[in-house]
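Have the sequence and the 3D view open as you read.

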Amino acid sequence: MTAPTHHHAPAPHAYVSPIPVRRAHLGDALASEWTKIRSVRSTMWTLGVMILLMLGIGLGVAAIASASEAPMGDESALGFGFFGMLPASICVITLGVLTIASEYGTGMIRTTLTACPSRARVLTAKAIVFFLLVFTVTTVFAALVAVAQVAIVDTASEPTGAEWLRATVGAGAYLAMLGLLSLALGTLIRHSAGAITVMIGLLLLPLVAALFMFSEALRSVQEKLFTYAIPSQMIALYSDRPPFGDNGPAGWEPLLIMAGVTAAALAGAYALLNSRDV
């Protein structure tokens, strides 16, 4: 008796994709975040308003100082950059929070983390793209304002190289760090309005609270708030001397303080981003 013959279906042809398959890396996440940040309207609006504030207020204050002919002493005209830098920081804070908190509000964060399951890589890419964008824009326009202020205001003191560097690169780095702190807080709170409110409170509340501390028992607290409030740190960035009293950070020290606070906030953001659900 002949054994039955089994007929097998031919094996299907294996499909080979013409697109090379490779593991995703940080460069892919950077490209994705750059596409997102430059394609949303909030980036153009916040950076546009920031530029207008830096130019309008910075040049306006310089023009007023020049017209008043008030004695400047040994101070350089670069210090007037603070007046545009302070309101511009609110725009940077807003953009920093929206860079990540807006994705939680719309649910886009689920798509982002599906495309890139490494949460640390996503946050790293957002931080790098945001920092480089804000640092570049603010440094360029801080330099333009600084050149114009020195040309407009006639002072007895010519700015040194260190003062030029702090008023341009230092100012850009400080605002970019403040924006990174906002991004970290947006990651922790995951709510745009809440994180922006908290950041504006951190920006203005210590200085406002210090103004109303009339009690002698609170004098030491008042001095600390005056010295370490963010607006005071911005003023100190433009000078080699503390803005209030003889003690306190000045020169590059405010930038180092902001970098330390931002690093601690980002560390907390990385930890919570990896430990909780979306």
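A residue is called buried when its relative accessible area is under 20%, exposed when that area is over 50%, and partly exposed in between, using a 1.4 Å probe and protein chains only. What you are looking at is a predicted model, in which local features need pLDDT of at least 70, side-chain atom pairs count only at pLDDT 80 or more, and totals for chains, interfaces and linings use all residues. Residues are numbered from 1 along each chain as its sequence is written, and side-chain values use heavy atoms, with hydrogens and water left out.

With that in place, here is the overall picture. The protein has ten helices and zero strands, where helices (H or I, at least four residues) and strands (E, at least two) are DSSP runs numbered from the N terminus. Of its 278 residues, 41% count as buried. Contact here means heavy atoms within 4.5 Å. Among contacts between residues at least 6 apart in sequence, 78% join residues at least 24 apart.

Now to the rings. Rings of Phe, Tyr and Trp (its six-membered ring) pair if their centres lie within 6.5 Å; planes under 30 degrees apart count as stacked, over 60 as edge-to-face and the rest as tilted. This rule gives four aromatic pairs. One of them joins Phe82 and Phe83, edge-to-face, at 5.6 Å centre to centre and 65° between the planes. Phe82 counts as buried because its relative accessibility is 12%, whereas Phe83, at 39%, counts as partly exposed. Another pair is made by Phe212 and Phe214: their ring centres are 6.4 Å apart and their planes stand at 80°, so this pair is edge-to-face too. Both Phe212 and Phe214 are exposed.

Next, find Lys36 in helix H1, which spans residues 26-39. Is this lysine buried or exposed? Lys36 is buried, because its relative accessible area is 18%. Its side chain is joined to that of Glu103 by a polar contact of 3.0 Å. A polar contact is a pair of N or O atoms within 3.5 Å; within protein, one must be able to donate a hydrogen and the other to accept it, and residues adjacent in sequence count only if both atoms are side-chain atoms. Leaving aside neighbours within four places in sequence, Lys36 touches Glu103, Thr112 and Lys126.

Let's move on to helix packing. Helix H5 (residues 119-152) and helix H10 (residues 253-275) pack at an angle of about 140°, with their axes 9 Å apart. Axes are lines fitted to C-alpha atoms, for helices over the stretch in contact, and angles run from 0 to 180 degrees between N-to-C directions. On the H5 side, Arg119, Ala120, Leu123 and Thr124 meet Ala269, Tyr270, Leu273 and Asn274 of H10.

Finally, look at helix H9 (residues 230-237). Seven of its eight residues are buried, so this helix is largely enclosed by the rest of the structure. Those buried residues are Ile230, Pro231, Ser232, Gln233, Met234, Ala236 and Leu237. What do they pack against? Their partners are helix H3 (81-106), helix H6 (161-189), helix H7 (192-211), helix H8 (219-228) and H10.
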